[in-house]
There are 2 protein chains.
Amino acid sequence: MNYGIVIFPSKKLQDIANSYRKRYDPHYALIPPHLTLKNVFSADDEHIKDIAGKLSHIAKEHDPFTLKAYKVSSFQPVNNVIYFKVDPNPELQALHDAMHHREFMGDEPEYSFVPHITVAQKLSNDEHSDIYGSLSMLGIDHEETIDRFHLLYQLENGSWTVYETFRLGKENQ
Amino acid sequence: MNYGIVIFPSKKLQDIANSYRKRYDPHYALIPPHLTLKNVFSADDEHIKDIAGKLSHIAKEHDPFTLKAYKVSSFQPVNNVIYFKVDPNPELQALHDAMHHREFMGDEPEYSFVPHITVAQKLSNDEHSDIYGSLSMLGIDHEETIDRFHLLYQLENGSWTVYETFRLGKENQ
């Protein structure tokens with residue numbers, strides 16, 4: 001089964017992201033707006049229990065933190081993906097790193113961590129240039145507290161269901 | 001903000017439900033297949049923390065149980081809704097009742113609890129009669145263990161995001 005680990009930002013930020021995703025992101029109906037902490041990985045039923053246990057431990061070791069979405073950016077020329085750029089603060093980086101540590105699943109991150117919330121993807125070069133122009137002008141400036149993350153699994157139709165929520169911080173358990 | 005409380009069954013049962021929902025349920029893209037424990041209700045940010053606390057307590061007091069989806073049924077003539085009928089066992093009923101107790105939110109259930117997983121809705125009478133005929137012949141016979149439920153909130157586009165997962169049973173905390 002395919003799993004992934006994400007942060008769902010507040011309803012307010014999700015609603016803003018969805019106002020763009022509705023038109024520009026083919027994954028709009030498959031998953032709510034999110035910040036990916038760990039990309040899709042495969043695990044069987046037994047393994048995922050072990051992973052959920054480790055995530056519970058990681059959640060306790062990391063405190064709630066402030067998420068700042070501060071500008072619209074793009075992965076071009078690597079990918080025609082437009083996103084809300086999220087301030088890569090130490091807390092977020094540490095949370096990401098804990099999920100890519102050798103003791104977690106033995107895998108290393110494929111890319112350096114660029115925390116982001118995707119709002120447009122699978123665009124042609126012309127679409128990208130148009131949409132990036134408009135969204136950059138509109139911009140984004142949002143700040144909120146993140147106190148949890150979610151382990152998700154993927155259904156056959158490509159959509160994602162939450163398996164479990166993990167609250168950050170010792171006091172939140 | 002709008003909230004609801006549901007059980008997401010296993011990937012296997014969700015995939016079966018989605019194979020029908022894809023064609024017959026306009027809510028297909030808004031929420032994964034689910035069994036509703038508590039219908040949509042409104043709460044502010046403070047109130048929902050209190051509710052989440054109560055749900056955490058309810059989860060501890062109720063053990064994991066077996067969910068049996070054993071036939072295709074319909075709410076006609078009340079509603080043209082076709083669903084997988086779920087065995088109304090005492091554990092499921094007790095969980096539902098705890099969320100409709102006076103001490104929980106002060107509200108009573110509007111209808112008696114008919115545990116179900118919707119696979120088709122908003123059908124015309126003719127569609128209902130056709131689809132109910134085919135799905136009844138195909139039937140459903142599925143059993144699994146349920147060990148958690150989820151508190152969701154609704155975005156402006158009508159889709160649902162998980163706020164928190166609650167694991168059933170003292171040992172699962």
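Buried area is the accessible area, taken with a 1.4 Å probe, that two parts lose on being put together, summed over both. In this predicted model, chain B and chain A bury about 2,100 Å² between them, with 47% of it on carbon and sulfur atoms. On the chain B side, Lys11(B), Arg148(B) and Leu155(B) lose the most area to chain A, together 24% of what that side buries.

The contact draws 28 residues from chain B and 28 residues from chain A. Between the two chains there are 6 salt bridges and 19 residue pairs in polar contact. In one salt bridge, the side chains of Lys11(A) and Glu156(B) meet at 2.3 Å, N to O. Helix H1 (11-24), strand E7 (148-154) and strand E8 (160-167) of chain B each give two or more residues to the side that touches chain A. E8(B) gives the most, with 7 residues. By type, the residues of this side divide into 13 nonpolar, 9 polar and 6 charged.

Within chain A, an unreviewed UniProt entry lists His34(A) and His116(A) under "active site".

His34(A) is in the loop between helix H1 (11-24) and strand E2 (35-42) of chain A, whereas His116(A) lies in strand E5 (residues 116-120). His34(A) counts as buried at 18% relative accessibility, and His116(A) is buried with a relative accessible area of 18%. The side chain of His34(A) reaches the backbone oxygen of Pro32(A) at 2.9 Å; that of His116(A) reaches the backbone oxygen of Val114(A) at 2.7 Å. Beyond its sequence neighbours within four places, His34(A) is in contact with residues including Phe8(A), Pro9(A) and His116(A).

Methods
Residues numbered from 1 in each chain as written. Chains lettered and ligands numbered in written order. Predicted model: local features only at pLDDT ≥ 70, side-chain atom pairs only at ≥ 80, totals over all residues. Heavy atoms only, no water. Contact = heavy atoms within 4.5 Å. Salt bridge = Lys/Arg side-chain N within 4 Å of Asp/Glu carboxyl O. Polar contact = N/O pair within 3.5 Å; in protein donor to acceptor, adjacent residues only side chain to side chain. Helix = DSSP H or I, 4+ residues; strand = E, 2+ residues; numbered from the N terminus. Nonpolar A, V, L, I, M, F, W, Y, C, P; charged D, E, K, R; others polar. UniProt positions renumbered as here; feature names shortened; annotations may be inferred. Buried < 20%, exposed > 50% of the residue type's maximum accessible area, 1.4 Å probe, protein only.
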